[in-house]
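Subject: Structure handover

Hi,

Here is the structure I promised you. Please open it beside this email and follow along.

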Amino acid sequence: MRPRDEYAEPYRIKVVEPLRQRTREEREELITQAGYNLFSLRAEDVYIDLLTDSGTSAMSDNQWAGIMLGDESYAGSKSFYHLEESVREIMGFRHVVPTHQGRAAEHILMTMLVKPSDRVLGNMHFDTTEGHILLKRATPVNLVIEEGYEPSILHPFKGNIDLFRLEEELDTYGPEKIPFVLITVTCNNNGGQPVSMANIRAVREIASRYGVPVFFDAARFAENAFFIKEREPGYADKPVAEIVREMFSYGDGCTMSSKKDGLVNIGGLLAFNSEGYYRQAVQWGIVYEGFATYGGQAGRDLEALSRGLREVVDEYYLENRIGQVDYLARRLLDLGIPIIEPPGGHGVYLDARRFLPHIPQEHFPAQTLAAELYIEGGIRGVELGTNAFAHRDEKTGEIAYPRLELVRLAIPRRVYTDRHMDQVARALAGIARRKDSLHGLRMVYEAPVLRHFTSRFERL
Ligand code: F0G
């Protein structure tokens, strides 16, 4: 990756969407009304929206042109065949089943292969994946390496699977209880951390010995491939497109949320090599999503995705994309603001525990930081800490707090400039100056499930 000041964005801007920043007084009022929960804000009251990188990408002129050319035929749409060609060429899988988004693809995969009391192994299953495994009364098992849980350990591939534990699981439970291994690239839940090719190859080799298939959660596959090129010996001179095909050559198929590395605003897919898996997936796809050649998407969406999959492996695009995340991370480190290191592919994760060490977890340090970032700069991140992950023991009433207390600043693709990133850094510097005056939050409302979307707070 070249230093950030040696190049500029590999595109120019043809359409703009105006942004307005509310005044500080307005922001104070709006966040109070929202109960200090960022999900309850209206998007138009947000200046820089880093809530997610999912479905928030800017499409290219080529993708928008594809929108006009979308074939809306119920069966056999030309756009479906364009998508199939892209999946074959870019990912190397023969068969594709479109779905309305990533979690729908997970739903189908789990319905095909997971039985009650099974164990689904992976590095770290994303929340929706975990949800679908639990809905099948099976157990999601996260086997990410120990370094993956340590915010400040500099390891190049913190999304790697612990091969020793993988083998132990396979040995103990065998293929009767383990339907497949799912490798999430990049690993979202610990900071968008990549998985190395060596690790993927080894997982394949071990799983094959036990006759267990390997699938990918491919939401951010191109970002993972770029990290392999940057960090793994032997890959510096390989084109990313080739690295992507090698990665997928170790899998039997994938689920994908195309809202990330598909560079589109909605959609997902399943892809497979074997016709047998494909047939099974289509059978469920037709019931839950729609006919085999549209699966919950409009023809125009399939067309935009078929083009996005080709654009996302462009190395100038990826250098600029990962370079922007890295740029923000470096600015924050220069200011002494603690983050997960090294930064991952799709965002910077603030470590609220170290940033606000005087606020105990019961007073929601990460939620406090997220709310203050809105007040300070009109910036919206997302809390991944006590609000999202703490749970209360039904019998004892005792609360189990999560290990990490983070605020994720997810960066949409091709949307913001480095000057927006500078504003994020400036806002955090402002909070750092007055952080001793912050005392945390008290929760005043919580829903019985997935409380973080609707919880309400008051300032302490
Ligand atoms: N897998 C991963 C790794 C994800 O990050 C997501 C979504 C999904 C699956 C589900 O895909 O939203 O299309 O149904 N992540 C979003 C995020 C929501 O903000 O990280 P979906």
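T186 sits in the loop between β5 (181–184) and α7 (197–209). Start there, and look at the backbone. V185 and T186 are joined by a cis peptide bond. Its omega is about -20°. Please keep in mind that this is a predicted model.

There is a cis peptide bond between E341 and P342 as well, with omega about -15°. P342 is also a loop residue. Its loop runs between α12 (315–334) and β9 (347–351).

Stay with the backbone for two further residues. Y36 is not a glycine, yet its phi is positive, at about 55°. You will find Y36 in the loop between α1 (24–33) and β1 (48–49). Is Y36 buried or exposed? Its relative accessibility is 6%, so Y36 counts as buried.

F364 has a positive phi of about 55° too, and F364 is not a glycine either. This residue lies in the loop between α13 (352–355) and α14 (365–377). F364 has a relative accessible area of 7%, so it is buried. The cut-off for buried is under 20%.

Now the aromatic rings.

The structure holds 13 aromatic pairs. One of them is F80 with Y81, and the arrangement is edge-to-face. The ring centres are 5.2 Å apart, with 80° between the planes. The two residues have separate labels for accessibility. F80 counts as buried because its relative accessibility is 3%. Y81 counts as partly exposed because its value is 39%.

W284 and Y288 make another aromatic pair, and this one is stacked. Here the distance is 6.0 Å centre to centre, and the planes are 15° apart. Why are these two residues about one helical turn apart? Both sit in helix α10 (residues 275–288), and they are 4 residues apart, so about one helical turn separates them. W284 has a relative accessible area of 27%, so it is partly exposed. Y288 is partly exposed as well, because its relative accessible area is 39%.

Next, find F93, F216, F221 and F248. Together they form one aromatic cluster.

Two charged residues also lie over rings. R119 is over the face of Y173, at 4.2 Å from the ring centre. K238 is over the face of Y235, at 4.8 Å from the ring centre.

How many cavities of 30 Å³ or more does a search of the whole structure find? The search finds 2.

The largest cavity holds about 70 Å³ of space. Its lining has 13 residues. Nearest the centre are Y11, N320, R321, Q324 and R414. By class, this lining has 6 nonpolar, 2 polar and 5 charged residues.

The second largest cavity has a volume of about 60 Å³. Which residues line the second largest cavity? They are N37, L38, F39, L51, Q367, G381, V382, E383, N387 and H452. By class, they divide into 4 nonpolar, 5 polar and 1 charged.

What does the lining of the second largest pocket have, by class? There are 18 nonpolar, 7 polar and 11 charged residues. Which domains supply at least three residues each to this lining? They are domain 1 (4–53 + 322–459) and domain 2 (61–311).

That is the tour. For a second look, go back to the two cis peptide bonds, V185 to T186 and E341 to P342. Then step through the rings, from F80 and Y81 to W284 and Y288.

Best wishes

Definitions and conventions: Residues numbered from 1 in each chain as written. Predicted model: local features only at pLDDT ≥ 70, side-chain atom pairs only at ≥ 80, totals over all residues. Heavy atoms only, no water. Nonpolar A, V, L, I, M, F, W, Y, C, P; charged D, E, K, R; others polar. Domains from an automatic or database assignment. 1 Å grid on protein atoms, 1.4 Å probe; cavity = no way out; pocket = protein on both sides within 12 Å on 5 of 7 lines; lining within 4 Å. Points joined across faces, edges and corners; volume = space filled by probe spheres on them. Phe/Tyr/Trp six-rings, centres within 6.5 Å; stacked < 30°, edge-to-face > 60°. Buried < 20%, exposed > 50% of the residue type's maximum accessible area, 1.4 Å probe, protein only. Lys NZ or Arg CZ within 6 Å of the ring centre and 35° of its normal.
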